[in-house]
Amino acid sequence: QGAPAFVAIRPGKGTSGGVERTGMSAHPPGSGRTIADYLFRLPADAPARLRFAVGLRDGSQSSGCLFLAAANGTPLWQRVVSGADGWHEAEVDLSPFAGKPVVLSLAVDPAGPYDYDWGFWAEPRLVAAPR
């Protein structure tokens, strides 16, 4: 039995609310989550934050999609997005993980029916945390 045809995470460009951004398209399965994991070590002397935006791509008829960010299995942020109404900016503090190996997980859950759950993570990036 192969993978479902529409479940995927792909880098590229996505448009929400008429604004195009670079990042990754993420479509969840009918049950469960689609997760992109990134492994890295944060510097001990430079606390970091993760900045990104999430949205549903234009044309989506989703009833709602749950976006989640976690580090080493610890949930840090989540938001349900209903409708392709533009980008929802977010920032997550990663300073508790300074100097440690981190598995950063960016996930999309259908939060109900998965039809048209055209989720998109826009421009995820690490930035220096204010001291």
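Predicted model: local features only at pLDDT ≥ 70, side-chain atom pairs only at ≥ 80, totals over all residues.
Residues up to four places away in sequence aside, Arg10 touches Gly23, Met24 and Ser25. Arg10 and Gly32 are 22 residues apart in sequence, and their C-alpha atoms are 18 Å apart in space. Glu20, for its part, is placed in strand S2. When neighbours within four places in sequence are left aside, Glu20 is in contact with Lys13, Gly14 and Thr15. Between Glu20 and Cys65, 45 residues apart along the chain, the C-alpha separation is 19 Å.

## From S2 to S9

Strand S2 also pairs with strand S9 (residues 119–128). These two strands run antiparallel and are joined by four bridges.

## The four-stranded sheet

Four strands form an open sheet in the order S3-S8-S5-S6, with antiparallel pairing. Strand S3 (34–41) and strand S6 (74–81) each have a single partner strand and stand at the edges, so one side of each is left without a neighbour in the sheet. On average, neighbouring strands of this sheet are turned by 15° against each other, direction ignored. In general, the strands of a sheet pair through backbone hydrogen bonds, in either a parallel or an antiparallel manner.

Within this sheet, strand S5 (residues 65–71) and strand S8 (residues 101–109) pair in the antiparallel sense over six bridges.

## The nonpolar core

Which residues have the most contacts inside the largest nonpolar core? They are Phe52, Phe67, Trp77 and Trp121, in a core of 24 residues. The elements that give two or more residues to this core are S2, strand S4 (48–56), S5, S6, strand S7 (88–93) and S8. Strand S4 gives the most, with five residues. In soluble globular proteins, nonpolar side chains tend to be buried together.

The contacts of Phe52 can be listed in detail. Not counting residues up to four places away in sequence, Phe52 touches Trp77, His88, Glu89, Ala90, Val92, Trp121, Ala122, Glu123 and Pro124. Trp77 and Trp121 in this list are also named among the residues with the most contacts inside the core.

At 43% relative accessibility, Ala111 counts as partly exposed.

Tyr116 is likewise placed in the loop between S8 and S9. Its phi is positive, at about 65°, although Tyr116 is not a glycine. With a relative accessible area of 39%, Tyr116 is partly exposed.

## The protein as a whole

The secondary structure of the protein comes to zero helices and nine strands. From the N terminus on, its elements run β-β-β-β-β-β-β-β-β. The radius of gyration is 15 Å, close to the 14 Å that the globule rule gives for 131 residues, so the protein is as compact as a globular protein of that length. Along its principal axes, the C-alpha trace spans about 45 × 35 × 20 Å.

Of the 131 residues, 43% count as buried. The accessible surface of the protein comes to about 6,900 Å², and 52% of this surface belongs to carbon and sulfur atoms. Among contacts between residues at least 6 apart in sequence, 78% join residues at least 24 apart.

Definitions and conventions: Residues numbered from 1 in each chain as written. Heavy atoms only, no water. Pairing = 2+ DSSP bridges. Axes fitted to C-alpha atoms, helices over the stretch in contact; angles between N-to-C directions. Contact = heavy atoms within 4.5 Å. Core = buried A, V, L, I, M, F, W, Y, C linked by side-chain atoms within 4.5 Å. Buried < 20%, exposed > 50% of the residue type's maximum accessible area, 1.4 Å probe, protein only. Rg over C-alpha atoms; globule rule 2.2 N^0.38 Å. Areas by Shrake-Rupley, 256 points an atom, 1.4 Å probe, with all protein chains shown as cover.
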